[in-house]
Amino acid sequence: MVKLIVRRLLLTIPLLFVVSLIVFGLAKLVPGDPAVTIAGDSATIERIEEIREKLGENDPAIVQYGHLVKGVFTGDLGTSLFSEQKVTKSLTTALPVTLSLAGLALFFVVLLGIPFGLIAGSRPGSLVDRALTVVAALGVAAPGYWIGIILIIVFGLNLKWFPTGLYVGITDNPWQWFMHLVLPAFALSLAGVVDVTRQLRGSMRDTLQQDYVRTARAKGLSEGLVIMKHAFKNAAIPVVTVIGLQVNTLIGGAIALEFVFGLSGLGALAVRAVQNRDLPIIQGVVLLSVLVVTVSNLLVDLTYGWLNPKVRAQ
Amino acid sequence: MRRGLIVLGAVSLLVASCGGSDSNSADDTTSDTKVAQQVTTAAPVTTAAAAASAAPTTVAAGPVIDTNGTLRFSYQVGPTSWDPARMSSSFDTPTAFFAYDRLVHLTPGADLKPGLAESWEFAADGSSLTLKLRKGVKFHDGTDFDAAAVKANLERNKAGASKGELAPVSTIDVVDPLTVKLNLGSPGGSIPGVLSDRPGTMASPKSFADEATTKALDLMPVGAGMYKVKEYVKDQKIVLERFADYWDKGAAAAANVTILILTDNNARANALKSGELDIANIEASQIDELKKTFTVTEGLSLSLMHMQLNRSKPFLDKLEVRQALNMLVDRPALVKLANFGYGAPTNQYFPKGYWGYNPAIPADQYPYNPEKAKEMLKAAGVPADWSLDVVVPNLTYYLTLAQAVKDQMAAGGVNLVLRPVDPVQTAPIFYVQSSGDALISVFGGRADPAQLLNSLFTSGPIQNPGKHTLPKLTELITAANAPGDAKTRAAAVQAASKEVTDQAMNVVFLHSSASFAATPKLVGFKAFLSGKPEFQGVGVTK
C-alpha cells in the first residue's frame with residue numbers, strides 16, 4: 001500500500017512539470033501585457049518599458065520559464081507580478097474557501113446522492129424512482145450558477161433563512177461558516193447528487209439481481225440487511241469512482257459559484273490572475289489544482305482497495 | 001455567466017489600462033432628469049487666502065451616529081497596492097483614502113480644499129508651488145508629518161506610478177518643517193488638483209526607508225488617514241479602526257470600518273439586501289430596483305463615454321468629417337438605451353456643475369441629423385462605402401453602447417466595424433500599437449481638467465495614439481495648464497474645452513454617474529462629482 005502511494009506521488013512530479021510547461025506556453029501565447037496594466041492611468045511608453053524590464057518580460061521565454069521552475073523546486077512559487085503578495089500566500093488564503101465550498105458540496109453529494117440512489121435502485125420503476133429520475137434530469141439540465149441565483153432569491157432574500165454568500169472562516173465561527181456556505185455548496189452539489197444517484201441506482205439494480213443476493217434473501221435476511229450489508233458494498237465501487245471524479249468537477253464548478261456568492265476562493269483568484277496575465281498566480285493555481293485532483297484520485301484508488309480486496313491484492 | 005462575471009472585474013483593468021478612473025463609469029449612469037443629488041460647484045482653490053477656509057468635518061444634525069458603530073462598505077475592487085508609488089488605478093482611492101490622507105482634499109463638487117496642506121500658492125511667475133503644511137499631524141506609526149515627508153513621498157510617487165501626473169514638478173525643496181516648495185519645470189496649474197489624488201498620497205517615510213519595509217508597504221499601509229488598517233486580505237477584505245490622532249476629529253465617524261471587495265454587482269446587491277452591508281456601489285441597471293428599498297445616492301461624475309478617434313487615420317484628420325460623425329449620434333437615445341436613462345448626454349468633456357464645464361457650448365451644437373451628415377461626408381470626399389475599424393472592450397455594456405452607435409451611424413452611411421477586444425488588450429491595441437480608427441470606451445475623470453486635455457489632445461501621452469494636435473488647441477491647453485487664480489484657470493480650461501468641441505476632436509456621448517445604495521442606518525454619505533466616494537463624517541446609527 002505504501003509503495004502504491006509513493007509511486008503515485010512520484011508520478012505527480014512529471015505531471016506537474018508538463019502542466020507547468022503547458023500553462024507557461026498558453027500564458028505566453030495569449031496576447032496581453034501586464035506592464036501596461038501595472039503602468040496604469042498615467043502610463044507613458046518609458047514607464048511601460050521600465051516595468052517590462054523589471055518584470056523580466058524582455059528576457060527570452062526559456063529564461064522566464066527557468067525562473068518559474070527554479071522557484072517551484074525551491075518551494076517558492078514566486079510573487080505576483082502586481083504586488084508583493086507571495087503566490088503561496090494567495091493560494092493559502094484562497095484554498096480554504098474553495099476547499100470549504102467543495103468539501104461541503106461533496107458532503108451534500110454523499111448525503112443526498114447515496115440515499116436517493118439506494119431508494120431508486122432498490123425499487124426500480126416505483127413512483128419514488130420515477131420522481132427521482134425527473135428531479136435528476138432537472139438537476140443535470142440546470143447549471144449550478146443558475147440554481148445558485150435561484151437559491152439566493154428564494155432562501156436568501158425572500159425567506160431569509162441563509163446568508164446570500166460571503167465567507168466566514170471555520171475557525172472564526174463554525175456555525176456561520178456552515179450557514180454562509182449552505183446555499184453555494186448545495187447549488188454546487190446538485191450535479192454531483194444527480195450523478196451519484198443515477199450511478200448507484202444502476203449499480204444497485206444490477207447487484208440486486210446477483211445470485212448471492214438471491215441467496216441472502218433465501219436465507220431469510222431482512223431486506224434492509226440485504227441491501228445495506230450485501231448489495232450496497234458491492235454496488236458502491238463504481239459510485240466511489242463517480243464521487244472521486246466529483247472532486248475535480250466541484251473544484252472547477254466552484255469558480256462560477258464563488259462569483260455568484262462573493263467568495264474569494266481559488267476560482268476568483270484564477271479569474272483575476274488570467275485577466276491581469278499574472279503568470280505566477282495562474283501557475284500557482286493550476287499546480288495546486290493538479291495536486292488536489294491527483295491526491296483525490298489517489299484517495300479514490302485507495303478506497304477501491306478498502307472496498308474490494310481483489311484490487312488490494314493486485 | 002462567466003462572461004458577466006469577468007465583465008465586472010475586467011472593467012477595472014480596462015480603466016486602469018486605458019486611463020479611466022471611475023469605478024462604475026461604464027455602468028453607473030444618471031440622466032439629467034434623474035440626478036438625485038445635485039452637486040454644487042465653485043472654482044478651484046489655488047491661493048493661500050482662499051484655502052484658509054479649512055474647517056473640520058462636522059456631522060449634520062439629524063440621526064445620531066453611533067460613534068462605536070461599524071460601517072460596512074463594499075466596493076468592486078481594492079487598492080492595486082498600498083504603496084502610493086505603486087497605486088496604478090484611480091479605483092484605488094475609494095478604499096485607500098480610508099487609511100491614507102493626501103495633501104489636498106476635494107469637496108463634493110470636485111473643488112479643492114485643504115488636506116494635509118493647509119494652503120498653497122504659486123509663485124508670481126508660476127515657476128513654483130509652495131505648500132504650507134498642517135501642524136501636529138502624525139502617521140499611524142507615530143512618525144511626524146512634515147515637509148521632509150512630503151518631499152520624500154512626492155519624489156517616490158513621481159518616480160513610480162504618478163510619473164505622468166507629477167511630470168511638471170522638477171525638484172522639491174524643504175523650506176522649513178512645515179513648508180515645502182515644488183519647483184516646476186513646465187506649467188503646473190494642474191498640480192494642486194493632482195495632489196488631491198494618488199500622487200498626493202502620503203505614507204510614513206519610515207515605511208519606505210529600506211527594501212524590506214517598502215515591500216511590506218505594498219500589503220499594509222502606513223498612512224496618516226482617518227482609519228488605520230487592522231487586517232487586510234488582498235482582494236477580499238479590509239478591516240479598519242478609527243485613528244485616534246487624526247487631525248480632523250469628526251472625520252472617522254464610525255469606530256470601525258469593514259470593506260468587502262466584491263467584484264460581482266449582484267453579489268454586492270445581495271449582501272446589501274441580506275443585511276451584511278450598510279452601503280455598496282451599484283450599477284445603473286440596479287438603481288430602479290434598489291431604490292424601492294434602499295437610499296440610492298447617485299450623481300454625475302467626471303467619467304464619460306466617448307468614441308475616441310485616431311485622427312491620423314484617413315479622413316479623420318478633416319474637421320467636417322469629424323463634425324459629421326458627431327451629428328450621427330443621438331445622445332439622449334444612447335443614455336436611454338445603454339444607461340437605463342441614468343446619465344447625461346453631452347458633447348463636451350466636463351459635466352455640468354464642474355468648474356471645467358463651459359456653458360457657452362450649445363447642447364445642440366451637433367444635433368442628430370443623418371441627412372446633413374451624409375452631405376457633409378460626401379462633400380469631404382468620403383466614399384459611400386466608408387468603414388471605420390472600431391475597437392471596443394469586449395464587455396456587455398460597451399458592446400451594447402457601440403452597437404447602438406453603429407446603428408445610428410449607419411443611418412448616415414458610415415459603417416462601423418466593431419472589433420471587440422479583451423478589455424486588458426484595449427490600451428495595447430489602440431494606444432500602444434495605434435491599431436484601429438476609433439475606440440468606443442470609457443474615459444475616467446482626472447483630478448484636474450487640464451490632465452484630461454493633456455492626455456487626449458497633446459502629442460506626448462500614449463492616450464493620443466495618432467499624435468494629432470492642432471496649433472490653436474495646443475496653445476489653449478498650455479494656457480489651461482498655467483497656474484492662476486480660480487477664475488483664470490476656469491476660463492482657460494473652458495476655452496480649451498470649447499475648442500475641443502468646436503474641432504469635434506472626438507465624439508463624446510454621455511457623462512456617467514457613480515451610484516451607491518445604502519441602508520437607512522447610513523448617515524452623512526454624499527455623491528462626489530469625482531465619482532469616487534469619500535467617507536469623512538459618514539457613519540451608522542445604532
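In chain A, helix 5 (residues 87–122) packs against helix 10 (residues 223–260) at an angle of about 145 degrees, and their axes lie 9 Å apart. Please keep in mind that this is a predicted model, with an ipTM of 0.75 and a pTM of 0.81. Chain A has 13 helices and 0 strands, while chain B has 16 helices and 21 strands. Here is a short tour, topic by topic.

- Chain B has a mean pLDDT of 87, and 88% of its residues reach 70 or more.
- Within chain B, confidence is highest in strand 9 (residues 201–202), at 98, and lowest in helix 1 (residues 2–18), where the mean is 36.
- Over residues 1–54 of chain B the pLDDT stays under 50, although the model has 204 contacts beyond four places in sequence for this stretch.
- Where pLDDT is low, the predicted coordinates should not be read in detail.

**Chain A as a whole**

- From the N terminus on, the elements of chain A run α-α-α-α-α-α-α-α-α-α-α-α-α.
- The C-alpha trace of chain A spans about 85 × 55 × 35 Å along its principal axes.
- Chain A has 314 residues, and 40% of them are buried.
- Of the contacts in chain A with a separation of 6 or more, 73% are between residues 24 or more positions apart.

**The pairing of helices 5 and 10 in chain A**

- Helix 5 of chain A and helix 10 of chain A make a right-handed crossing.
- On the helix 5 side of chain A, the residues that meet helix 10 include A:Leu101, A:Ala105, A:Leu106, A:Val109 and A:Leu118.
- Their counterparts in helix 10 of chain A include A:Ile227, A:Phe232, A:Val247, A:Leu250 and A:Leu257.

- An α-helix has 3.6 residues a turn, so residues three or four places apart point the same way.

**A closer look at A:Ala191**

- A:Ala191 sits in helix 8 (residues 174–208) of chain A.
- A:Ala191 counts as buried because 23 other C-beta atoms lie within 10 Å, where the cut-off is 20 or more.
- Leaving aside neighbours within four places in sequence, A:Ala191 is in contact with A:Gly139, A:Val140, A:Gly144 and A:Thr249.
- A:Gly253 is 62 residues from A:Ala191 in sequence, yet the two are 9.8 Å apart in space, C-alpha to C-alpha.

**Chain B as a whole**

- Chain B has 542 residues, of which 61% count as buried.
- For contacts in chain B between residues at least 6 apart in sequence, 75% join residues at least 24 apart.

**A four-stranded sheet in chain B**

- An open sheet of 4 strands in chain B has the order 5-6-8-7, with antiparallel pairing.
- Strand 5 (117–122) and strand 7 (169–176) of chain B are at the edges with a single partner strand each, so one side of each is left without a neighbour in the sheet.
- On average, neighbouring strands of this sheet are turned by 20 degrees against each other, direction ignored.
- Strand 6 (residues 128–133) of chain B runs antiparallel to strand 8 (residues 179–184) of chain B, and 5 bridges join them.
- B:Thr130 stands opposite B:Lys181 in strand 8 of chain B.
- Helix 4 (residues 147–159) of chain B lies across strands 6, 7 and 8 of chain B, and runs at about 170 degrees to strand 7.

- Strand 10 (residues 227–233) and strand 11 (residues 237–242) of chain B run antiparallel and are joined by 6 bridges.
- B:Tyr227 is placed opposite B:Arg242 in strand 11 of chain B.
- The hairpin of strands 10 and 11 of chain B has 3 residues between the strands, and B:Asp235 takes a positive phi near 60 degrees there.
- Strand 11 of chain B also pairs with strand 12 (residues 256–261) of chain B, in the antiparallel sense over 5 bridges.
- B:Val239 stands opposite B:Thr258 in strand 12 of chain B.

Conventions. Residues are numbered from 1 along each chain as its sequence is written. Chains are lettered from A and ligands numbered from 1 in the order in which they are written. This is a predicted model: local features need pLDDT of at least 70, side-chain atom pairs count only at pLDDT 80 or more; totals for chains, interfaces and linings use all residues. pLDDT is the predictor's confidence in each residue, from 0 to 100. Helices (H or I, at least four residues) and strands (E, at least two) are DSSP runs, numbered from the N terminus. Two residues are in contact if their C-beta atoms, placed from the backbone, lie within 7 Å. A residue is buried if 20 or more other C-beta atoms lie within 10 Å of its own, exposed if 12 or fewer, and partly exposed in between; C-beta atoms are placed from the backbone. Two strands pair if DSSP finds at least two bridges between them. Axes are lines fitted to C-alpha atoms, for helices over the stretch in contact, and angles run from 0 to 180 degrees between N-to-C directions. A crossing is left-handed if the near helix is turned anticlockwise from the far one by less than a right angle, and right-handed if clockwise.
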